[in-house]
Amino acid sequence: MKKIIIIFALIFAVNIPFLYAQYGDYYDGKNSYSYGDMPSPKKSSRKKYENKNHYIGISPSIYIPTGKNAYIKDYTGVGGGVDLRYKYNLHKVFALAGTFRYNYAGGSNFDGNNKVDTKHHLIDMQILAVLQYDDVKATKGFIPYISAGLDIAVNVIDSETTAYRKDADGATYPVYKIISKGNDSAANVGFVVGAGLRYAFSNNFTTGFGVDYTHVFTNHDYSGIRVFIDAGYRF
């Protein structure tokens, strides 16, 4: 019996090289492979998107002052403006934004004796908290948002006053003109609230529209509504 065991052991040892040659390093049941010839694992074809935390945009607008006494009453009450905005996404549902804005409105008022042409320049700096749904992993889609924050504004008024007199025939004619540049300049503090909807054409480019209201505590004459369109870039 011991001789039989020894014979089987010798036969197995002699055939190890042949078995290795037949089956190699790996045998899948049909074919044998060596590890060096095995294909490397395929990489996932799914495209990965990096987080797009930053947004910069520009927004031309129509500006409608809502103050008590200034150009909403005496002048045209409508102007225009533009703002530049930077937004940092802390999360797809929350962001912080900073805005630099310029608005203009003006017009004329004539009381029968004096005509006043006035230009109101309003420059704002704003710090905003933004609630949004900005899923940067989606290449396309809508981005709704609402925002609120602090507004610090400087208003500058340029005016041109022309005095008129009537002659004996009742005709009105100008007699003198006063031009004032930078008159009544002042700093103002208030708050701003807004809402809008953007659409992402790709993972980077967006466009949209919105509306916001700025309330100025120190001079309510410069409170106003803006209706705007915007275009921006996420990176």
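Where is the place of threonine 99? Threonine 99 sits in strand 5, which covers residues 94–110. Please keep in mind that the model in these close-ups is predicted.

**View A. Threonine 99 and its surroundings.** Threonine 99 counts as buried because its relative accessibility is 2%, under the 20% cut-off. Its side chain makes a polar contact with the side chain of arginine 85, at 3.1 Å. Beyond the neighbours within four places in sequence, threonine 99 is in contact with Asp83, Leu84, Arg85, Asp124, Met125, Gln126 and Leu128.

**View B. The largest cavity.** Two cavities of 30 Å³ or more are found in the structure, and the largest has a volume of about 50 Å³. Its lining is made up of Arg85, Arg101, Gln126, Leu128, Tyr145, Ser147, Val192, Gly194, Ala195, Val211, Asp212 and Phe228. Six of these lining residues are nonpolar, three are polar and three are charged. Strand 6 (114–132), strand 7 (141–166), strand 8 (172–200) and strand 9 (205–216) supply at least two lining residues each; strand 8 gives the most, with three.

**View C. The second largest cavity.** Here you will find about 30 Å³ of space. Around the second largest cavity lie the lining residues Tyr63, Arg101, Asn103, Leu122, Asp124, Thr214, Tyr222 and Gly224. By type, the lining holds three nonpolar, three polar and two charged residues. Strand 5 and strand 6 each contribute at least two residues to this lining.

**View D. Residues to look for again.** Arg85, the polar partner of threonine 99, is also one of the residues that line the largest cavity. Asp124, in contact with threonine 99, is among those that line the second largest cavity.

How values were computed:
Residues numbered from 1 in each chain as written. Predicted model: local features only at pLDDT ≥ 70, side-chain atom pairs only at ≥ 80, totals over all residues. Heavy atoms only, no water. Helix = DSSP H or I, 4+ residues; strand = E, 2+ residues; numbered from the N terminus. Buried < 20%, exposed > 50% of the residue type's maximum accessible area, 1.4 Å probe, protein only. Polar contact = N/O pair within 3.5 Å; in protein donor to acceptor, adjacent residues only side chain to side chain. Contact = heavy atoms within 4.5 Å. 1 Å grid on protein atoms, 1.4 Å probe; cavity = no way out; pocket = protein on both sides within 12 Å on 5 of 7 lines; lining within 4 Å. Points joined across faces, edges and corners; volume = space filled by probe spheres on them. Nonpolar A, V, L, I, M, F, W, Y, C, P; charged D, E, K, R; others polar.
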